[in-house]
Amino acid sequence: MSLRVTLAQDAPIPLAVELECAAGELLALVGPSGAGKSTVLRAIAGLTRVAQARVEVGGQCWQDSARGIWRAAHAREIGFVLQNYALFPHLTVLDNVCEAVHVLPRDERRERAARALAAVRLAGLEGRRPAQLSGGQQQRVALARALVREPRVLLLDEPFAAVDQMTRERLYEELAVLRTSLSIPVVLVTHSLHEAHLLADRMVVLRRGHTLQAGRPDDVLRRPINEEVARLVGFVNLYDSEVVATDGGGAAQIAWGGGRVTLGCVRPAHSHVKWGIAAGDVAVVKLGRDGAGAVRAFTLERAVPLGDSVHLHLQHADGTRVRAVVTRRFFERAGFAPGQTVAFDLPVERIVLL
């Protein structure tokens, strides 16, 4: 029962999106504010009309603008968890969940609501009101309310944004466990690449309503297809270099940082190539120790401790800059300090061609 979506329009919000999410799969939509992520969810749910759209679930067409097909939001079998949860403050937890299936007989809706609350580990809290719950518990009530409808698609719009980091980590685990019992497509909107990497089977990078890249999180984060995606997923080491020679195997070599770097590609001499490497893939080594490739040395301009890691800002005499990330323990044992020389390697298998 896969979800297939095609959305296109020029205004008021530009869209050019194609996505597919299989049953039991979690697809993350990521991108900066204004990328159109929430608009895509609202279009799937039937809350926003798009000029050219097709939404299909398990072979059943909910919307096809070309054929004049439109199924209203209330008739789409959707579970939707909003960022602010939208719980009714005057109703109990049980009654909040019952509201999602209010058309059912009273006994049946209460029975289904109790099962949904048990599934998200809230059994025993049915009589409380939202103000008596923690942020994490409120989020789970919203999730139970989405699931009680027995939806064919589950949509999650920044569901962890309103809780603290500790609660968020617990909710990640709970969602991962809950997913094992769900056999429906799940689409998650998030600003957090970390969140997408932890939870998603696949991710779609959006910018200004357009799909830039889709694939497994590891592939997208490690192998962005162009400079735009690279910047969005956090690449800070991006370069435009001229090919000066080839090695014995025909691989292109570029002049960079006072020496040459071999790229895993074939390019003609004097052509230009855009490439990059993630800061975490720059292999910092101790001076005097051989790396896997051509070890070079830059001056450490500054070191920024962030949690258990330290971000190094390095510069060559010719002005070339590179950033690297090392563990705090390695940094302290190496005795690095601004002004010192730091040696590193650029592993060819980690270099990304853009």
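Strand S8 (residues 153-157) is mostly covered, with 5 of its 5 residues buried (under 20% relative accessible area with a 1.4 Å probe, protein chains only). This is a predicted model in which local features need pLDDT of at least 70, side-chain atom pairs count only at pLDDT 80 or more, and totals for chains, interfaces and linings use all residues. Residues are numbered from 1 along each chain as its sequence is written, and side-chain values use heavy atoms, with hydrogens and water left out.

- Strands here are DSSP runs of E with at least two residues, and helices are runs of H or I with at least four, numbered from the N terminus.
- S7 and S8 run parallel and are joined by 4 bridges; Val81 has Leu156 in S8 as its bridge partner.
- S8 is also joined to strand S9 (residues 186-189) by 4 bridges, again in parallel, and Asp157 has Val189 in S9 as its bridge partner.
- A right-handed β-α-β unit is formed by S8, helix H5 (residues 165-179) and S9 (with the strands pointing away from the viewer, the path from the first strand over the helix to the second runs clockwise).

**The open antiparallel sheet**

- An open sheet of 5 strands has the order S16-S20-S17-S18-S19 and antiparallel pairing, where pairing requires at least two DSSP bridges between two strands.
- Its edge strands, S16 (283-285) and S19 (321-327), each pair on one side only.
- Strand S17 (residues 296-306) and strand S20 (residues 341-345) run antiparallel and are joined by 4 bridges; Phe298 stands opposite Val342 in S20.

**Pockets**

- A pocket is an open set of points on a 1 Å grid over the protein atoms alone, where a 1.4 Å probe fits, with protein on both sides within 12 Å along at least five of seven lines; lining residues have an atom within 4 Å of a point.
- The largest pocket holds about 710 Å³ of space, and of its 27 lining residues Ile78, Phe80, Ala100, Arg145 and Arg149 are the closest to its centre.
- Strand S7 (78-81) gives the largest share of this lining, 4 residues, and helix H4 (135-147) supplies at least two.
- The second largest pocket has a volume of about 480 Å³ and 18 lining residues, with Val233, Gly234, Ala278, Ala279 and Gly280 nearest its centre.

How values were computed
Points joined across faces, edges and corners; volume = space filled by probe spheres on them. Buried < 20%, exposed > 50% of the residue type's maximum accessible area, 1.4 Å probe, protein only.
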